[in-house]
Amino acid sequence: MSAPSTSHRGIEVVLADRPGMQLWWPSVEPTARWIRVRLGGELVADSRRAVLHLTYGPGALPRSFLPTYYVPVEDVRPGVLVDGQLDDSGTTTWAVAAGGRRVEGGAWMHRSPPPPLEALTGMVTFSWRRLDWFEEDEPLMAHARDPHTRVDVAPSSRHVRVELDGHLLAESTRPTLLFETTLPVRYYLPREDVVAELSPTSTHTICPYKGVASWWSVRVGERVVEDLVWSYPTPIAENPRIAGLMCFYNEKVDLVVDGERQERPVTPWS
């Protein structure tokens, strides 16, 4: 996903309705990756037999909205799943207790998943918001990374102007373009090419493909547009070239590239 948080209200619904995004979803795939889950610094699950559940938006399985790993129940540490409850949908939900902490509803299992998700039968997954996930020795953020998604970054000499309500916000001939599967091109600009008045906000969002983003509001004439610009001060190792660059919401500004005004894209963040 892109810089906006995957926990934005209603995003799962919008993602599910986007055209062209359901070529292989929902599905279950084997993975060779070593998956571990921790709580309070203590191991909760340790598996080399995990499967990847790919889904975007609400579907046949309750509590499943974004890609996640499931592990065999035998790979969950005994005693960490407590106070299990089975509901009418066939989903068993547990609290997770480890490291002196307890997360209500932190783990769940589907007893009889429908096709094509039968491989999840008897497998357990965990909350991404309140437990710590690791893929090999690398911490994971927000949700599992989709192997069908690419994020490519390329320097460019395109002439990019960012405007809103007739006000120039930024202009650059040295943008860095980020291409992410199914999402619009994002134009990352050097901070010194931004002429708008920026004010940092308290917003921080997480993308599993890029890292943790900081956000700025922009003064446009007499009004302030909240959280219009983001930047990754220290992106993950796979995307170092966007470090410290500024990106405006294509969906909310007027973008002119090489003299051609771009149509505002329709995305979950429009």
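The second largest pocket holds about 210 Å³ of space in this predicted model. A pocket here is an open set of points on a 1 Å grid over the protein atoms alone, with protein on both sides within 12 Å along at least five of seven lines, and lining residues have an atom within 4 Å of a point. Grid points are joined across faces, edges and corners, and the volume is the space filled by probe spheres set on the points. Of the 13 residues that line the second largest pocket, Arg 145, Thr 149, Tyr 209, Ile 236 and Glu 238 are the closest to its centre. By class, the lining of the second largest pocket comprises six charged, five nonpolar and two polar residues. In this scheme Asp, Glu, Lys and Arg are charged, Ala, Val, Leu, Ile, Met, Phe, Trp, Tyr, Cys and Pro are nonpolar, and the others, Gly among them, are polar.

Local features need pLDDT of at least 70 and side-chain atom pairs count only at pLDDT 80 or more, while totals for chains, interfaces and linings use all residues. Residues are numbered from 1 along each chain as its sequence is written, and side-chain values use heavy atoms, with hydrogens and water left out.

Side chains of opposite charge can pair when their charged atoms come close. Across the whole structure, 22 salt bridges are found (a side-chain nitrogen of Lys or Arg within 4 Å of a carboxyl oxygen of Asp or Glu). Two residues named above for the pocket, Arg 145 and Glu 238, belong to a network of salt bridges that also links Arg 33, Glu 135 and Glu 138.

| Salt bridge | Closest N and O atoms |
|---|---|
| Arg 77 with Glu 42 | 3.3 Å |
| Arg 161 with Glu 171 | 3.2 Å |
| Glu 192 with Arg 174 | 3.5 Å |

Strands (E, at least two residues) are DSSP runs, numbered from the N terminus. Arg 77 has 36% relative accessibility and is partly exposed, and Glu 42, at 35%, is partly exposed as well. The cut-offs are under 20% relative accessible area for buried and over 50% for exposed, with partly exposed in between (1.4 Å probe, protein chains only).

Arg 161 in strand E13 (residues 160–164) and Glu 171 in strand E14 (residues 167–172) are 10 residues apart. Arg 161 is partly exposed at 24%, as is Glu 171 at 31%.

Glu 192 lies in the loop between strand E16 (186–189) and strand E17 (197–207), and Arg 174 in the loop between E14 and strand E15 (176–180), so their bridge ties together parts 18 residues apart in sequence. Glu 192 is exposed, with 58% relative accessibility, whereas Arg 174 is partly exposed at 43%.

Most residues other than glycine have a negative phi, and most peptide bonds are trans. The peptide bond from Pro 115 to Pro 116 is cis, with omega near 0 degrees, and Pro 116 sits in the loop between strand E8 (101–110) and strand E9 (123–126). Ala 142, not a glycine, has a positive phi of about 75 degrees. Ala 142 is in the loop between strand E11 (138–140) and strand E12 (151–155) and is partly exposed at 23%. Thr 182 also has a positive phi of about 75 degrees. Thr 182 is located in the loop between E15 and E16 and is partly exposed, with 34% relative accessibility.

Conventions:
1 Å grid on protein atoms, 1.4 Å probe; cavity = no way out; pocket = protein on both sides within 12 Å on 5 of 7 lines; lining within 4 Å. Helix = DSSP H or I, 4+ residues; strand = E, 2+ residues; numbered from the N terminus.
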